Amino acid sequence: KAEGPDHPDTGTSLDNLAGLYHVQGAYAKAEPLYVRALAIREKALGPDHPDTGTSLNNLAGLYESQGAYAKAEPLYVRALAISEKAEGPDHPSTGTSLNNLAGLYRAQGAYAKAEPLYVRALAISEKALGPDHPETGNSLNNLAVLYESQGAYAKAEPLCVRALAISEKALGPDHPETGNSLSNLAELYRAQGAYAK
């Protein structure tokens, strides 16, 4: 028997389909599905449920992809608040929400707002998942790119080097995340004119 159009599982299916359209760049198809999934989850699960936070993050990510930062920010802020309340301030999902909001601020050049969020996300990842976890490497990369964007190369380099070492060890030399870490480090060296490196 079908569970109905307002069941949380319907929200999950809508979110998944919207995600497919999102990665394909079909934003006009994705948006109404994300909006509907959010409405279903808010009604069925409540406004403070972690799945509601997931829907908020997804919709915010769609808006961010389109450069609609003013629409994305309140959704990311609300998702972070949900995660802190439902999962706790030191939970990895809270770290993900912090990274999302910080990334939005970085994209807008609001580096002073982004930095403490990235620093907190890194601390959460190191404590909750460990210093050699790929998510810790992701947080290191995020913070390194922020510093590199500001020309703070000396602060960025050790973070890039550490992120690369984590990726190579945890994921292997041919993993896309290792490639991302290599690219970040290469871009840092290029920005400094260290072309041989």
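Predicted model: local features only at pLDDT ≥ 70, side-chain atom pairs only at ≥ 80, totals over all residues.
Among contacts in the protein chain between residues at least 6 apart in sequence, what percentage join residues at least 24 apart? The points below take up this question and then turn to the chain as a whole and to one of its helices.

1. The share is 58%, counted among contacts in the protein chain between residues at least 6 apart in sequence.

2. The protein chain holds nine helices and zero strands, and from the N terminus on its elements run α-α-α-α-α-α-α-α-α. Its radius of gyration is 18 Å, close to the 16 Å that the globule rule gives for 197 residues, so the chain is as compact as a globular protein of that length. Taken along the principal axes, the box filled by the C-alpha atoms is roughly 60 × 35 × 35 Å.

3. Helix α3, which covers residues 50-65, spans 22 Å from its first C-alpha to its last, close to the 22 Å expected at 1.5 Å a residue. Its buried residues, including Leu56, Leu59, Leu62 and Tyr63, pack against α1 (8-23), α2 (27-45), α4 (69-86) and α5 (92-107). Just after α3, Gly67 takes a positive phi of about 80°.

Key. Residues numbered from 1 in each chain as written. Heavy atoms only, no water. Helix = DSSP H or I, 4+ residues; strand = E, 2+ residues; numbered from the N terminus. Rg over C-alpha atoms; globule rule 2.2 N^0.38 Å. Contact = heavy atoms within 4.5 Å. Expected span 1.5 Å × (residues − 1). Buried < 20%, exposed > 50% of the residue type's maximum accessible area, 1.4 Å probe, protein only.
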